[in-house]
Structure formats: C-alpha cells, structure tokens
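Let's take a friendly walk through one protein chain. Keep the sequence and the 3D view side by side as you read.

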Amino acid sequence: MQEQSPDRLQFVSDASSDWQAIAHLPEAPLPRPLPEHPLPIAEMANFFGVTHRTLHFYEEKGLLQPDRHGAMRIYSHRQIRMMGLINLCRETGMAIAQIQDLLTELTYSESVAESEAKLRAALIARRNELVAEESLIRRQMQQITTALTEMDAVRDDADNQNFPAHPPFLSDSEFHCLKLMAEGYNPVRISKALDIALEQVLTMEGGIVRKFSASNRFQAVAKAVLLGIVGD
C-alpha cells in the first residue's frame, strides 16, 4: 500500500471536514425539477419527503451545510443537489460512512465527468454488496425451508404411526455420532472428531437412519430430538 504524503493526508482531513468544497458535484436525480429559489427547511423536507430531523442529522454529519438567516435554515441550489446525491446513496442502503468516503473522493475530481464516474463506481460496488447479501439470504431461506420440510416429515411419520414408540438402542459409538450429527457436523468432521475412518462414519450414520425409520440423517436427528435422546 502506497504511503500517503503529509500534504495528501492534510487534504483528506480538510475534505472530510468540509465536503461543501467539492468543485465538481455529480448530477443525481431529484424528486422534482430544481426549484427557482433556495428552500427553507420545511420546503426542503417536503421536497425530498424527509423529516426536519433527517436534515438536521445530515447537517450534524457534515453532509449538508445550509445558509442561516437568523434561526432559519435556507438550502441553496447546491445544497439541494447535494441532498439529491445523499438521498440517492441512502436509498441504495449506503451507510453514512460510505457516503462520507464517497464525498471525500469527490473532492479530488477535476471534472464533473470524473465525479460521475466515481459515483457510478460507488453504486456498482453497492450493487455487488447487495448481490452478495441476496445470495446469503437465499441460502439461509433454503436452509429454513429444508428444516421445516424435515420437521413436517417427522410430524407426518408420527401421525402415520411410523414414529418409534421407544428410543431405539444405540451403541456408544452411534450415540456419540448422533450427538455430533445433531450439532451440525458433517461426516468428514465426525470422522476427525471420533478418530475413525470416513467409511465407518457413513456406515454408522446409515445404521442410525434405519434405527429411527428415517429417510435421511436430518430426519433421524429430528426424531432423536423429539424422543429426547439429544438436545435441540
């Protein structure tokens, strides 16, 4: 990583404390055409559909800097455009820190085109984050669906008298294997934990599944939990 010079570090510090100095602000969509005159805070809040507190919060974070006429806050065209940029970023789910980093980067821009390229890059990065989050959510939903399906199968077995009335006999090795299965261990991890060959684990799991009249290892664990053999 290239070391920053003291002058650059000072520039970053100055930019972070005053993003209003951005010379080339990228164009961000506004909810309505830019008004002819600056807006007082009530009209500014109505223009973007936010509360006064939201505008105060952005001001506290240094993102907005309205003019003051006595106690009244007045938002210039530049501040309206800045709010358009902030609003766009927030609607994509960007954190305040991410917006602050983007604005700091924009202080280096030497043209509107460069600023818009940086905004585009930030939006693409956020989209990639959302894609990764979506993938994780889909996997979690699939795990939930699988778990619910197995629970329903166990309930159906009980209703159809295919549920063992008494806990089946398990050897010590089978009991330890079952406990690890209930804790989410896969066969490879069980093999290492019990210090036995993988083939032995697979054979043992098959025997456990049969003893519980189950169709797979997950259903066997579910039945074992309902019978109180292992904890949930």
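L39 stands opposite Y75 in strand β3. Two bridges join β1 to β3, and these strands run antiparallel. What you see is a predicted model, in which local features need pLDDT of at least 70 and side-chain atom pairs count only at pLDDT 80 or more, while totals for chains, interfaces and linings use all residues. Residues are numbered from 1 along each chain as its sequence is written, and side-chain values use heavy atoms, with hydrogens and water left out.

**The sheet**

- Three strands form an open sheet in the order β1-β3-β2, with antiparallel pairing. Strands are DSSP runs of E with at least two residues, helices are runs of H or I with at least four, and both are numbered from the N terminus.
- Two strands count as paired if DSSP finds at least two bridges between them. In general, strands of a sheet pair through backbone hydrogen bonds, either parallel or antiparallel.
- The edge strands are β1 (39–40) and β2 (67–69), each of which pairs on one side only.
- Three bridges link β2 to β3 (residues 72–75) in the antiparallel sense.
- R68 has R73 as its bridge partner in β3, and H69 has M72.
- β2 and β3 form a hairpin with two residues between them. In that turn, G70 has a positive phi of about 70°.

**Helices α2 and α3**

- The axes of α2 (residues 41–48) and α3 (residues 52–60) come within 9 Å and cross at roughly 100°. Axes are lines fitted to C-alpha atoms, for helices over the stretch in contact, and angles run from 0 to 180 degrees between N-to-C directions.
- α2 and α3 are therefore roughly perpendicular to each other. Angles under 35 degrees count as roughly parallel, over 145 as roughly antiparallel, 65 to 115 as roughly perpendicular and the rest as oblique.
- I41, A42, M44 and A45 of α2 make the contact with H52, L55 and H56 of α3. Contact means heavy atoms within 4.5 Å.
- The residues of this contact divide into five nonpolar, two polar and no charged. Here Ala, Val, Leu, Ile, Met, Phe, Trp, Tyr, Cys and Pro count as nonpolar, Asp, Glu, Lys and Arg as charged, and the others, Gly among them, as polar.

**Helices α4 and α5**

- The axes of α4 (residues 77–91) and α5 (residues 96–106) come within 10 Å and cross at roughly 135°, so this pair is oblique.
- On the α4 side, M82, L85, I86, C89 and R90 meet I96, I99, L102, L103 and L106 of α5. By class, the contact has nine nonpolar, no polar and one charged residues.

**Helices α8 and α9**

- The axes of α8 (residues 187–194) and α9 (residues 198–211) come within 9 Å, crossing at roughly 110°. This pair is therefore roughly perpendicular.
- P187, V188, I190 and S191 in α8 meet L198, V201, L202 and E205 in α9. This contact has six nonpolar, one polar and one charged residues.

- The chain has a mean pLDDT of 86, and 86% of its residues reach 70 or more. pLDDT is the predictor's confidence in each residue, from 0 to 100.
- Among the elements of the chain, α2 has the highest mean pLDDT (97) and α1 (residues 6–17) the lowest (44).
- Over residues 1–17 the pLDDT is below 50, and beyond near neighbours in sequence this stretch has nine contacts in the model. Where pLDDT is low, the predicted coordinates should not be read in detail.
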